[in-house]
Amino acid sequence: MPFIPHTEDDTREMLAAIGASSIDDLFDEIPPQLLIKSLDGVPTGLSEMEISRLMHQRAAQDGAPLCFIGAGAYEHHIPQAVWDIATRGEYYSAYTPYQAEASQGTLQTIYEYQTMITELTGLDVSNASLYDGASGLAEASLMAVRSNRKAKSGRILLAPGVNPNYEKVAVAIAGHQNITFERLPMNGSTGNAADKLDAGREPVALVIQQPSFPGTLEDVDRLTDWAHERGALVIAVVNPLSLALLKAPGSWGTRGADIAVGEGQPLGVPLSSGGPYFGFMTCRQEHVRQMPGRIVGRTTDLDDNPGFTLTLQAREQHIRRSKATSNICTNQGLMVTAATIYMSLLGFEGLRKVALRAQQNTALLVRQLTALPGVQRLYEGPHFHEVAISLDRPVAAVLQELARRNILGGYDLGNALLVCATETKTAADIDHYVDAMRDILAKQD
Amino acid sequence: METLIFDKSRSGRRAFAQAPVADDAVAIPESLRRKDTPRLPEASELQVVRHFTRLSRQNFSIDTQFYPLGSCTMKYNPRACNALALLPGFAGRHPLGPVSHGQGFLACMYELQEMLKEVTGMQGVSLTPMAGAQGELAGVLMIQAYHKARGDLERNEIIVPDAAHGTNPATATMCGCVVRELPTGSDGDIDIAALKAAVGPKTAGIMLTNPSTLGVFDRGIVEVAKIVHDAGGLLYYDGANLNAICGKVRPGDMEFDVIHMNLHKTFSTPHGGGGPGSGAVGVGARLLPFLPIPVVGATERDGVTSYDWLAEEALPQSIGRLSGFMGNAGVLLRAYVYMRMVGRDGMRRLAEYATLNANYLQARLRDAGFKLAFPERRASHEFIITLKNEAREINLTAMDVAKALLDHNYHAPTTYFPLLVPECLLIEPTETESKETLDNFVAAMTAIATDAKAGTSFKEAPYTMPVRRLDDVKAARQLDLAYRPPK
């Protein structure tokens with residue numbers, strides 16, 4: 001009986017205390033025709049040794065490819081201490097800190113997280129996190145509609161560089177409350193927003209992703225001021241690591257962005273096939289009551305000593321029910337714990353080094369790739385750690401050939417290849433990729 | 001309070017092993033570059049390790065305390081599930097990596113889908129929702145999509161019992177539906193007459209938890225399903241309490257059309273201080289085309305099974321994508337390992353022993369003088385006691401008992417939920433707790449009641465925690481949500 005401690009004596013004594021003759025009696029309120037006899041579709045149980053063997057085989061089966069894919073999830077070195085501590089039972093097996101006095105560890109960790117992420121994004125307040133970056137944009141859009149009461153159109157504008165999957169998720173989650181999402185036109189040579197833009201009627205918010213999905217750096221000051229002049233709020237979608245080098249959303253334009261969201265994964269969370277990650281969300285103080293999700297505040301106890309507790313709960317579903325700011329219940333507590341430890345270990349100087357190394361590695365990779373015949377950068381201009389390159393032949397076939405050589409060569413944009421070389425790549429790794437690419441392009445000529 | 005990491009920070013201190021070497025030249029135009037220096041901690045590796053280790057010790061957790069938080073299923077999280085999900089091949093796999101480099105991972109996901117179908121009696125499963133509340137959203141969106149696809153455009157009402165989790169009505173609102181609240185009968189079952197009056201041509205569906213949050217199995221479920229279906233609505237099963245029935249009775253057999261499962265409850269993935277969760281959804285035949293994408297598909301050729309993603313092309317009527325990639329894959333791997341270890345027979349024992357523990361604890365507390373909210377009913381895997389009398393007679397509230405329990409080294413049960421039972425404690429022991437633990441918990445509850453009767457006040461409890469009772473009103477009025485050093 002896996003993980004069930006009962007001895008036969010225990011079971012007998014417990015049934016006697018209940019006044020039942022068998023465990024089946026305990027289910028006698030269920031209409032008998034509904035009871036099933038067995039679950040044939042579930043295999044019989046495995047011992048820990050057996051499942052361990054199976055999982056090792058399957059993990060090994062997926063190989064250990066050399067990965068140059070980014071596109072919203074990034075391979076970074078995670079210091080050993082991060083997950084050693086985050087998986088301590090006291091963090092791992094606790095729940096939402098409803099009983100604050102018995103949850104100060106989780107609560108203080110979240111408060112420290114909120115501090116770090118507001119520092120990084122240059123905004124006033126943070127929640128305790130959302131599910132991931134994409135759903136974070138959906139929640140930010142709903143929040144903008146609640147906050148910007150003057151704009152009644154329900155129209156959310158998207159800069160051309162917003163991750164297309166984020167848009168899909170935002171439409172799926174937020175598209176049922178009279179909210180629409182519209183893309184602004186792109187300047188074909190820079191990949192950024194066109195020079196001339198039309199905001200249309202009463203836009204609620206403009207979403208600006210920096211760096212953009214295809215890796216370009218948008219003129220965030222111009223777009224922020226443009227949106228604010230038209231009564232729209234500005235939602236920044238940012239890679240938190242890039243903020244070690246790039247202007248923080250709170251400093252965009254004259255007034256700064258109003259809300260910042262993004263994928264927290266680069267801050268110490270493993271790639272793990274796409275999750276669990278965490279979405280961060282920060283905003284200006286004036287919007288705090290429209291924020292979704294858990295928020296931790298510092299207060300005092302009966303002895304006037306400082307302590308931490310969940311606060312502003314009147315916004316939330318367990319109090320407000322159908323009138324809540326969101327249906328969200330959990331945050332991504334464990335991921336936030338890991339990110340807080342990660343940011344503490346690296347500090348700003350460490351994050352800067354990681355960001356710089358990633359930028360320099362990507363620059364090196366792109367320099368070498370574009371020296372090959374038929375390979376060019378898709379857009380001109382500066383980049384952070386991801387660049388779109390065009391090939392003189394279909395991207396998919398090249399990627400497939402690279403994968404055969406155990407190299408994941410990037411993300412297929414359709415008309416181009418999006419490559420990323422983080423700090424985890426050595427000069428030899430980059431050479432290896434470039435050599436393989438040279439070979440493939442030569443063969444397929 | 002532990003000193004904040006920011007106050008332990010010293011300018012210029014580094015945990016050097018963590019940062020790579022990099023050239024300091026920033027290849028970014030001046031106008032886009034960051035000029036200020038955010039105040040992140042500057043600390044040594046040991047300081048960071050010690051700080052967060054010390055913080056962790058201020059938490060109650062399953063690994064350290066009995067945690068009978070009703071409706072949250074705080075059972076033991078087996079260590080193997082975590083370790084195996086973090087094997088380098090899994091932890092390091094990029095979500096956009098080709099399926100040629102993901103067959104091992106995808107095999108686990110496909111088999112997980114199949115096992116969840118079997119356990120719930122459903123026809124299809126999508127693993128992508130990232131938490132129970134997102135599973136609910138997916139479920140209601142599928143119900144809407146179904147009606148819409150049939151041209152049945154007037155159905156915008158979702159019926160929700162008054163005992164439901166707050167996420168149910170909040171979800172229905174997010175989907176643009178109107179919430180219609182349904183009263184519960186005095187025996188804890190749904191008021192059938194009220195249901196009959198509530199359904200009609202505007203009914204999109206009903207969201208039910210069964211066993212309900214009142215800790216009882218709704219005996220009228222077959223009739224409930226018939227009434228809702230006859231009215232043209234669909235039935236949504238909130239899987240929060242699936243641990244109570246796993247392997248005994250299946251939502252599909254109860255005629256539910258869609259279900260979300262909280263894998264962090266029934267299938268024992270970590271609660272992690274409030275997440276990550278995972279809210280996989282299962283559907284009956286009618287809702288198959290609308291499942292959120294991506295879903296894992298399998299093809300057999302020459303005796304070899306290969307796995308692939310099914311996305312927009314395969315499921316053109318899907319309600320769409322709910323996460324940046326495919327949901328909380330690492331959580332799903334942990335659930336997969338758990339289900340494979342527990343296996344077919346073990347799955348049934350989850351419900352059996354969870355139910356045994358709940359009914360035993362209920363009987364013992366009743367015998368110790370506590371009042372049950374539904375004394376005539378069997379407990380499911382959880383039950384409710386009400387301190388209505390104690391609150392009136394000896395000024396002992398549910399909150400007082402919750403806080404006093406912390407001093408006895410027990411996490412408190414869920415308090416003041418469901419909202420319709422006054423001064424209630426919702427208690428869920430789970431199957432992984434031993435009889436001794438339950439007996440000791442009864443002794444603690446008895447001691448608290450005895451002390452209260454003798455005149456002890458628990459208004460200022462707890463006394464033995466890292467902090468005393470906290471001022472929530474001050475927390476909300478004088479917002480301090482981030483540390484800023486004094487200027």
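Colleague: Where do I start: how many helices and strands does chain B have?

Modeller: Chain B has 15 helices and 13 strands, which are DSSP runs numbered from the N terminus (helices are H or I, at least four residues; strands are E, at least two). This is a predicted model, where local features need pLDDT of at least 70, side-chain atom pairs count only at pLDDT 80 or more, and totals for chains, interfaces and linings use all residues. Residues are numbered from 1 along each chain as its sequence is written, while chains are lettered from A and ligands numbered from 1 in the order in which they are written.

Colleague: Why is chain B called as compact as a globular protein of its length?

Modeller: The radius of gyration is taken over C-alpha atoms, and the globule rule is 2.2 Å times the number of residues to the power 0.38. For the 487 residues of chain B the rule gives 23 Å, and the chain's value of 25 Å is close to that, so it is as compact as a globular protein of that length.

Colleague: What share of chain B counts as buried?

Modeller: A residue is buried if 20 or more other C-beta atoms lie within 10 Å of its own, exposed if 12 or fewer, and partly exposed in between, with C-beta atoms placed from the backbone. In chain B, 62% of the 487 residues count as buried.

Colleague: And which residues touch the most other members of the largest nonpolar core?

Modeller: Such a core is a set of buried Ala, Val, Leu, Ile, Met, Phe, Trp, Tyr and Cys residues joined through C-beta atoms within 7 Å. Here it holds 313 residues, and Val207(A), Ile235(A), Ile259(A) and Val258(B) touch the most other members. Helix 11 (residues 329-367) of chain B gives the largest share, 22 residues.
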